Amino acid sequence: MELKTLFQRIAAAIREKEGSTGAIRAAAFPERISAISAGTDTSDATAAAGDILSGKTAYAGGEKLTGAIAVQAAQTITPGAAQQVIPAGIYLAGPQTVQGDENLSPENIRKGSTLFGVEGSSIEWKDYTDIKGSAFTTINGEFASFYITGFRPMENEDGTKKIQISVLLILQTKSAESSKQADIYVEYV
């Protein structure tokens with residue numbers, strides 16, 4: 001290749017990179033080549049490390065930046081007594097699921113209390129279980145006993161009140177024993 005052709009190609013390459021059209025003298029090649037940007041000009045970029053995800057890199061203002069934004073992977077949050085805060089300024093890289101509970105219903109919450117936005121309708125009595133009450137009798141010469149195993153006040157949606165009494169009945173004969181668990185409901189005012 002001739003020297004003249006080589007210089008013409010170098011000048012054409014410089015003009016293409018600069019976006020210029022004029023003639024270029026060979027003596028100006030070094031200066032003009034040095035002035036050509038070797039990439040995207042980032043001198044006017046405004047990004048900072050706090051604008052980029054942690055572990056990622058970028059160029060801004062002529063510098064290489066390493067990201068500082070924390071990344072929160074997918075998680076399931078189980079509600080509890082203490083607040084659980086997803087901090088501001090982090091990137092949520094997956095779904096953030098707040099766990100629900102099918103037992104979060106008005107009848108399971110004491111009346112006058114609100115739990116996670118659900119207003120309670122249960123009357124303010126405790127549930128009593130394994131009550132140590134029993135009675136014994138004989139029926140046609142056979143031994144019978146019953147035990148109260150649970151006692152729970154309830155309130156229906158229509159406002160009527162009742163008590164649920166759970167009873168275990170045991171019938172013992174000379175040859176066998178049988179038992180039956182039952183719930184008895186008693187309405188009251």
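Okay, let's start with a hairpin: strand 11 and strand 12 have five residues between them, and in the turn Gly159 takes a positive phi of about 95 degrees. Strands here are DSSP runs of E with at least two residues, helices are H or I runs of at least four, and both are numbered from the N terminus.

Quick caveat: this is a predicted model, so local features need pLDDT of at least 70, side-chain atom pairs count only at pLDDT 80 or more, and totals for chains, interfaces and linings use all residues. Residues are numbered from 1 along each chain as its sequence is written, and side-chain values use heavy atoms, with hydrogens and water left out.

Strand 11 (residues 142–155) runs antiparallel to strand 12 (residues 161–172), with twelve bridges joining them; DSSP has to find at least two bridges before two strands pair. Ser145 sits opposite Ile170 in strand 12.

Then the chain turns again: four residues make the hairpin link from strand 12 to strand 13. Those two are antiparallel as well, joined by twelve bridges, and strand 13 covers residues 177–188. Here Lys162 stands opposite Glu187 in strand 13. Overall, the protein has two helices and 13 strands.

What about burial? Of the 189 residues, 15% count as buried, meaning under 20% relative accessible area, whereas exposed is over 50% and partly exposed lies in between (1.4 Å probe, protein chains only). At the other end of the chain, Leu3 belongs to helix 1 (residues 3–18). Leu3 is exposed, with a relative accessible area of 54%.
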